Amino acid sequence: MTNPAAPLGPLEPGSSLDGTPPVPGGEYIRERFKGDRGDLRYPPLPEPLAVPVYDNHTHLEIADGEQPLTLAEQLDRAEAVGVRGVIQVGGDVESSRWSADAAERDDRVLAAVAIHPNEAPGYEAAGTLDAALAIIDDLAARPRVRAIGETGLDFFRTQEDGWPAQCRSFEAHIEIAKRHGVALQIHDRDAHDAVLETLERVGAPETTVFHCFSGDAEMARVCAPRGYYLSFAGNVTFKNAQQLRDALLVAPRDRILIETDAPFLTPEPTRGRPNAPYLIPNTLRFMAGVLGEDANVLAADIAANTVRAYGEWARA
Ligand SMILES: [Zn+2]
């Protein structure tokens, strides 16, 4: 039950743990490692959705592609194809602040803030995890911060000596979500049992979301009676991801969400190229095909689920 692609790809060094401040007024605070990825062009815009939805998990603070898109360009393109809003997700202090600020600047953005499970051990080793958690707690009080995430456990990318810090950080994030009455967005990589056990023991927040759900049908059946939301990303379209399609088929319709995890996990037919919220229609239409459902009906259901989980994007 291994997630077929990395939810967080390698980042350029120097931007996450050393406290380097973001460029004032800059659109990005980090750049995705290009590595040996072949085609770095942003894919073409899909046909617009007739019924608008939301991308409930994206990382627009990361520049990617031959010609990186600005935050405004990302949101304009998304809106043009029926992706009405996004949840911009942080993974460290810096990106969490950026996310909360972006949500205040643009009505199409809500924010999630957290210390990512793969970042928690570094903060712990530096003696700054508690200070970082206090900053997340402060940010969570801002009205457009609607989720604590991404937090959780990652036993794939973090070695065993980092697991105690991950567990401590995860439990602290659960408490922050409950204290502020906002959703919890969980990153779970090769840690299904430990994540489920922690939620049971500590008590899950009322709204608990498995971002980039990576379990199978059996795990989806465990999540269903607990009311957990399962958020499907572009990897549900990957050839080798039958377990995700099996999970989708048994997930309660009122607990299905959709996300990009952009710039990662680009859905077919442009897997490998940079991902962006405007590619949600490709994943949504694929999911409708798996379910044998009309795409507009599925979009309406997912939009309703998303607003139930996070509240409205528009300001009152
Ligand atoms: Zn993510």
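## Helix 5 and its surroundings

In helix 5, the buried residues are A165, Q166, S169, F170, A172, H173, I174, I176 and A177; "buried" here means 20 or more other C-beta atoms within 10 Å of a residue's own, with C-beta atoms placed from the backbone. They pack against helix 3 (120-126), helix 4 (129-139), strand 6, strand 7 and helix 6 (192-202). Helices (H or I, at least four residues) and strands (E, at least two) are DSSP runs, numbered from the N terminus.

Helix 5 covers residues 163-180, and its 18 residues reach 26 Å from first C-alpha to last, close to the 26 Å expected at 1.5 Å a residue. That expected span is 1.5 Å times one less than the number of residues. Just after the helix comes G181, with a positive phi of about 65°.

## What kind of model this is

The model is predicted, so local features need pLDDT of at least 70 and side-chain atom pairs count only at pLDDT 80 or more, while totals for chains, interfaces and linings use all residues. Numbering starts from 1 along each chain as its sequence is written.

Eight strands form an open sheet in the order 2-4-5-6-7-8-9-10, paired in parallel; two strands pair if DSSP finds at least two bridges between them. Strand 2 (53-58) and strand 10 (256-258) sit at the edges with a single partner strand each, so one side of each has no neighbour in the sheet. From one strand to the next, the twist averages 30°.

## The core

The largest nonpolar core has 87 residues, and V53, A111, V113, I136, I148, L230 and F232 have the most contacts inside it. Such a core is a set of buried Ala, Val, Leu, Ile, Met, Phe, Trp, Tyr and Cys residues joined through C-beta atoms within 7 Å.

Leaving aside residues up to four places away in sequence, L230 touches F210, F213, A220, C223, A247, A251, R255, I256 and L257. Contact means C-beta atoms, placed from the backbone, within 7 Å.

## Helix 2

Helix 2 is mostly covered, with 10 of its 13 residues buried. Among them are E94, R97 and W98. The cover includes helix 1 (71-80), strand 4 (83-89), strand 5 (109-113), helix 4 and strand 6.

Key. Axes fitted to C-alpha atoms, helices over the stretch in contact; angles between N-to-C directions. Buried ≥ 20, exposed ≤ 12 C-beta atoms within 10 Å, placed from the backbone. Contact = placed C-beta atoms within 7 Å.
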